[in-house]
Amino acid sequence: MQDPIKSGLAAGWKHVDASTLSRGQTVDADVVVIGTGAGGGVTADILSDAGLRVVLVEEGPLRSSSDFRMREADAYPELYQESASRKTADKAINIYQGRCVGGSTTVNWTSSFRTPPEVFDFWQRQFGLRQLSADAMSSWFAVMEHKLWMRRWETPPNANNKVLAVGGEKLGIPIGSIRRNVKGCWNLGYCGMGCPTNAKQSMLLTTIPAALNRGATLYTRLRAERLRFAGSRVTALDCVALQADGIHPSGKRVQVRARHFVAAGGAIGSPALLLRSGVPDPHRLLGKRTFLHPVVISSALMPDRVDAYAGAPQTIYTDHFLHQAAIDGPLGFKLEVPPLHPVLFSTTLQGFGEAHARLMREFTRVNSVLALLRDGFHPESRGGEVRLDSNGLPVLDYPLGDVIWEGARRALLAMAEIQFAAGARWVFPVHETAPGYPSWAEAKKGIAELPLKPLLCRVVSAHVMGGCGMADTPQRGVADHRGRHFWLANLSIHDGSLFPTSLGVNPQLSIYGLVARNASLLAAELCGRPVPQIP
Amino acid sequence: MIVSRRQFLKTGLAGSVLLALSGWLNAAGARSLSDGEREMLAALANAILEGALPPEGERRHRLLALTVDGIASAVAGLSLAAQKEVGELFGLLVLAPGRLMLAGVGKPWREASVAEVSDFLQSWRSSRLSLLQTAYAALHDLTFAAWYGRSDTWDAIDYPGPPRGYF
């Protein structure tokens with residue numbers, strides 16, 4: 001298997017692993033892009049294509065297909081924030097976020113959805129974002145869908161996803177198939193550990209190589225510490241190099257000076273960088289309204305083998321439960337099917353000792369369904385807040401209130417009913433005191449009475465959004481519809497932290513489309529060219 | 001990850017005295033696991049992995065030692081803040097007063113039975129103190145990650161491992 005990253009490096013790409021620096025550096029660029037995930041990748045591609053000198057700053061390592069060995073014990077520490085065990089302040093929510101070149105796009109499960117029209121409508125009404133609508137954005141989504149091979153997935157779903165398809169069909173719940181950003185996918189099922197066959201069209205394989213081919217410089221193991229600014233202009237970015245472990249600072253520093261600065265460190269990293277930098281925030285909005293699509297999980301023992309580790313991970317979904325009430329009513333949820341691997345499953349599974357071991361012995365017969373709760377629309381669903389700890393590192397405080405738990409209970413019920421309809425012998429919500437249920441009747445009764453509280457009911461998240469929300473005025477947002485910071489003229493925010501609510505869909509394409517638009521507007525401005533003609 | 005100082009103060013005087021002790025214990029800075037911590041973690045894993053481990057004997061001991069190694073490397077991959085909190089938890093549990101007062105285990109870890117350790121884990125799991133619930137969750141996650149991250153545990157759950165021979 002050819003490794004295009006290794007080939008690019010051999011051909012002379014400018015990559016600096018900051019853990020190997022023997023002394024500090026000062027670097028000049030037209031634009032520095034902080035972060036190499038969905039937002040940073042697209043930005044670097046478009047700005048370098050406009051002829052601008054781009055420097056990319058990434059806290060994680062550069063890893064590629066020859067490193068991706070499909071083993072959890074290697075992949076989680078190497079490719080994820082905090083070894084995939086990042087948590088909210090009260091430790092009630094586990095957050096899965098990539099930390100490597102490509103960010104979460106290197107390890108995501110490839111689900112590709114456009115931002116739903118009703119979400120744009122809500123943003124127009126509540127945040128004055130009249131420039132953004134499903135119509136106005138459709139060309140940008142189409143561009144990115146084409147570029148990243150986001151297509152219908154024609155291969156039949158694996159047995160794990162089939163549970164949702166069959167159960168939904170039995171109950172008359174409309175089921176859809178998920179578009180995936182893959183090219184020549186081998187249907188292995190290890191997307192979450194980095195694609196070993198270079199099929200996933202992540203930033204690692206698309207936009208970042210394109211930028212590097214045009215002479216952009218990529219720094220890895222380099223943590224963006226603070227923006228320096230004078231008046232209303234940012235002048236430099238101060239960075240600290242990390243050791244090869246990716247955790248301890250090495251003591252070396254890098255300063256990047258540039259005409260323009262793009263924060264694309266994700267919805268925890270970007271607000272944290274701006275908070276550390278002390279950028280103007282007169283309305284105290286920075287880091288607020290951080291959303292997670294809190295996820296609850298229902299597992300089932302099926303009569304036959306499911307082998308949920310094998311085959312494309314997330315291919316079937318239903319939005320039926322997003323449409324049962326008004327968007328700002330009781331929380332709706334999207335149902336999808338996660339892959340199961342031994343570490344992911346065993347650490348998420350409740351209990352210990354013989355009870356845990358007994359369920360682990362049934363590993364190959366287990367199906368799990370997950371519900372992504374659409375937070376940020378209901379007036380009482382205000383999300384969480386990113387703060388800084390005593391070391392200046394981010395902490396996300398996300399209180400799980402009644403509005404979330406009410407939705408979680410409906411979600412656990414809906415998932416159990418679907419799993420039984422698909423033939424499950426036993427269904428167990430991922431919850432410390434749920435005993436598991438042998439029939440829908442018993443599950444219905446049991447789940448209705450289940451105490452839903454932090455640390456009792458397992459909640460996870462792979463979608464962090466918000467914290468630098470967009471709006472029409474600085475009274476209700478950190479940035480405008482172009483991602484331009486309201487107070488610092490040469491600072492843009494190009495990542496999921498811009499979203500003023502959650503999305504109700506997996507976020508990668510929403511970020512790609514919005515950032516493609518905003519990076520194109522920025523490139524035109526920085527180069528003194530007319531703005532692109534796409535509406 | 002587990003124990004913030006502020007939360008600890010909320011648990012009262014006993015908590016803060018123990019914290020002071022464990023802070024003193026951890027003053028040495030970044031470190032590998034002490035013998036006492038290895039013994040404690042092996043005793044915990046011995047209960048957490050009951051049903052997955054082979055019966056009492058030399059093989060069980062060897063696998064427990066491997067699991068403790070796995071826990072050590074998992075902890076090393078956490079953020080510095082989380083490593084500090086885990087260090088405080090481990091530091092408390094190896095002290096006899098911490099073991100007695102927080103875990104309710106009256107004998108040294110190496111002598112504690114599976115049943116005794118399981119009772120303590122269950123009491124933390126169902127505790128009303130979120131501090132103890134999160135400590136349980138951390139021990140649960142670290143131990144199972146260390147165990148099922150190793151390929152020699154996969155036969156028992158019929159997991160064939162990642163596809164081989166394609167590349």
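1. A crossing of two helices is called left-handed if the near helix is turned anticlockwise from the far one by less than a right angle, and right-handed if it is turned clockwise. Helices here are DSSP runs of H or I with at least four residues, strands are runs of E with at least two, and both are numbered from the N terminus. By this rule, α2(A) passes α14(A) in a right-handed crossing.

2. The model is predicted: local features need pLDDT of at least 70, side-chain atom pairs count only at pLDDT 80 or more, and totals for chains, interfaces and linings use all residues. Residues are numbered from 1 along each chain as its sequence is written, while chains are lettered from A and ligands numbered from 1 in the order in which they are written.

3. Two packed helices are described by the angle between their axes and the distance between the axes. For helix α2 (residues 38-49) and helix α14 (residues 508-527) of chain A, the axes come within 8 Å and cross at roughly 35 degrees. An axis is a line fitted to C-alpha atoms, for helices over the stretch in contact, and angles run from 0 to 180 degrees between N-to-C directions.

4. Which residues of α2(A) and α14(A) meet? Those from α2(A) include Val42(A) and Ile46(A), and those from α14(A) include Tyr512(A) and Val515(A). Contact requires C-beta atoms, placed from the backbone, within 7 Å. By class, this contact has ten nonpolar, four polar and no charged residues. Ala, Val, Leu, Ile, Met, Phe, Trp, Tyr, Cys and Pro count as nonpolar, Asp, Glu, Lys and Arg as charged, and the others, Gly among them, as polar.

5. Strand β15 (residues 295-301) of chain A runs antiparallel to strand β18 (residues 366-373) of chain A, joined by seven bridges. Four bridges join β15(A) to strand β21 (residues 426-429) of chain A, also antiparallel. Strands pair if DSSP finds at least two bridges between them. Ser299(A) stands opposite Ser368(A) in β18(A), and its bridge partner in β21(A) is Phe428(A).

6. Between the chains, 34 residues of chain B are in contact with 36 residues of chain A. On the chain B side, α8(B) gives the most, with nine residues.

7. In helix α6 (residues 96-103) of chain B, Gly98(B), Arg99(B), Leu102(B) and Ala103(B) are buried. These buried residues fall within an arc of 100 degrees seen down the axis of α6(B), so they line one face of the helix. The arc is that of the directions from the helix axis to the C-beta atoms. On the other side, Ala96(B), Pro97(B) and Leu100(B) are exposed. A residue is buried if 20 or more other C-beta atoms lie within 10 Å of its own, exposed if 12 or fewer, and partly exposed in between.

Notes. Contact = placed C-beta atoms within 7 Å.
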